[in-house]
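Hi,

Here is the structure I promised to pass on. Have a look at it first, and then read on for what turned up.

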Amino acid sequence: MTDQVRIPEIKMISSGHNRSNLVWLRLDLRLTDNPALAAAVERGGAVIPVFIHAPEEESPWLPGGASCWWLHQSLHELDARLRERGSRLVIRRGPVLATLRALVKETGATAVFWNRRYEPAVIARDAKVKEVLNAAGLEVKCFNAGLLHEPWTIQNQSGKPFQVFTPFWKHCLNEPEPAEPLPAPKNLPVPAKWPKSLALAQLKLEPEINWSAGLRATWQPGEAGAMENLREFLAQAFDDYSEKRNRPDVAGTSRLSPHLHFGEISPRQIWHGLRALAARRHLTVAAWRNSQFLAEVGWREFAHHLLFHFPRTPAEPLRPQFKHFPWRKDAASLRAWQKGRTGYPIVDAGMRELWTTGWMHNRVRMIAASFLVKDLLLPWQDGARWFWDTLVDADLAQNTLGWQWTAGCGADAAPYFRIFNPVSQGEKFDPNGDYVRRWCPELAKLPDEWLHRPWEAPVEIFARAGMRPGRDYPERIISHALARELALEAFARIKFPSA
């Protein structure tokens, strides 16, 4: 592969076989615990790693700028790791089926391997690809590399999919333990002649204008960055995680979500990493299997379970009565929420963190999402689309689960009367105001007493802080108390419709 940086040609390792294998890489951008890659090596013959960029075939929405930025970095890192083993990454642009057929013709490949994905459009596309390649006489195999359990293997006692997390995860924990992660191959046999490849820059994934400085300062995409994150987190995974994970003002979460989404690390690696840590600390099996952190991995599994069984949910509510919910249309309020200008500090801090780093703390995601759908009564789909465009960990399954949970229209959803109070949430989970002061620096000089409710601060407090309400920080766009009443009325109308 030719990239912006010229890399010296590496002497090829002869495969010693007359056949070659295509390994079609997607959201599995790693060498360790990669079943498709391992299967290709085991089969024998040249191994040709391929990435095909075809986002229009994979989701109702094209990937956002933050996801594209991450993908560029991750592909660059993957190619570098392949080159360390004498191989390289072949990059093409879709459509996928035509591209794979062309690569088969160019390379003489007799097998194609890939790891499964579970988005509805991808499932349909992959089934067609497999059918056509099989009909052409190729060996085609696909594997589970992204989940602990395949979605169709987990069923309730009635043989149906779960819609409540707790029994779902209990059932998963009673399943056989996931296999040990596969080691990265030490050597990758290469073809006598490499097929042509696009330069990574030709995919135009990086932004043309330089807004990504905050992303670069925050993240290290790629397999090495994922493993470093895991190592750092495991050092304190059992140390007050249940409490720290709710505090946006401290480093209490793993921040593994984008690495998991792009497949730079597998859930099996996390499972067995946690298991090994528990053994070193002489913890019981129950202690680590029932840990809050492993349950967070379980929520990811649950999200994919739901998306697989209810494929319409990225656009439609799981609970059909919510199709008639009286959502508002208010472009100005939506814009204020997107830009962190609502007048509620904890909400605004979260939205500014998102815009700068491509990530938002999970507790703040819930607060900000609740504010959009229950204070502003704007459609959850508007929030889902904004998160999709701005999150580095934008994932169709988890994005859908999170927004439908908040709106009350999905599986295991928050009750319609659960409406997060942005003031009390801020005071509880950012008690010293460190998080708000970082992302809303114009409020930095306000005393803690008024930081999460600046509209209540006396005029002299603002004067002492060198601020004027409405000029340096926006006025509230709505009263939470009033918004709560309106939301409850709206929800009651669909929960208890009149005859």
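Let me start with the charges: Arg-26, Glu-57, Glu-58, Arg-117, Glu-119, Arg-125 and Asp-126 are joined in a network of salt bridges. Keep in mind that this is a predicted model. Over the whole structure, the search gives 25 salt bridges.

Two other salt bridges are worth a click:

- Glu-139 pairs with Arg-43, and their closest N and O atoms are 2.9 Å apart. Glu-139 sits in strand E5 and Arg-43 in helix H1 (residues 35–43), so this bridge ties together parts 96 residues apart in sequence. Glu-139 counts as partly exposed at 28% relative accessibility, whereas Arg-43 counts as buried at 16%.
- Asp-79 and Arg-83 meet at 2.8 Å, N to O. They are 4 residues apart in helix H2, which means about one helical turn separates them. Asp-79 is buried, and so is Arg-83.

H4 covers residues 120–135, 16 residues in total, and reaches 23 Å from its first C-alpha to its last, close to the 22 Å expected. Which of its residues are buried? They are Val-122, Arg-125, Asp-126, Val-129, Val-132 and Leu-133. These cover an arc of only 130 degrees around the axis, so they lie on the same side of H4. Ala-124, Glu-131 and Ala-135, on the other side, are exposed. The cover over the buried residues includes strand E1 (20–25), helix H3 (96–107), strand E4 (111–115) and strand E5 (139–143). Just after the helix, Gly-137 takes a positive phi of about 90 degrees.

Helix H14 (residues 345–357) is another one to look at. Of its 13 residues, 11 are buried, so H14 is largely enclosed by the rest of the structure. Among the buried ones are the charged residues Asp-348, Arg-352 and Glu-353. The end C-alpha atoms of H14 are 18 Å apart, which agrees with the span its 13 residues should have. Gly-358 follows H14, with a positive phi near 75 degrees.

Asp-395, in the loop between helix H16 (380–390) and helix H17 (396–407), is buried yet has no salt bridge. The nearest side chain of opposite charge, Arg-300, is 5.4 Å away. What does have a polar atom of the Asp-395 side chain at 3.1 Å is the backbone nitrogen of Gln-398. Further along the sequence, Asp-395 touches His-261, His-304, Trp-388 and Thr-400, not counting residues up to four places away.

Asp-430 is in the loop between helix H18 (422–429) and helix H19 (434–439). Asp-430 is also buried without a salt bridge, and Arg-247, the nearest side chain of opposite charge, is 6.2 Å away. A polar atom of the Asp-430 side chain lies 3.0 Å from the backbone nitrogen of Tyr-435. Leaving aside neighbours within four places in sequence, the contacts of Asp-430 include Asp-249, Ile-346 and His-452.

Cheers

Note on methods. Residues numbered from 1 in each chain as written. Predicted model: local features only at pLDDT ≥ 70, side-chain atom pairs only at ≥ 80, totals over all residues. Heavy atoms only, no water. Helix = DSSP H or I, 4+ residues; strand = E, 2+ residues; numbered from the N terminus. Buried < 20%, exposed > 50% of the residue type's maximum accessible area, 1.4 Å probe, protein only. Salt bridge = Lys/Arg side-chain N within 4 Å of Asp/Glu carboxyl O. Polar contact = N/O pair within 3.5 Å; in protein donor to acceptor, adjacent residues only side chain to side chain. Contact = heavy atoms within 4.5 Å. Expected span 1.5 Å × (residues − 1). Arc of directions from axis to C-beta.
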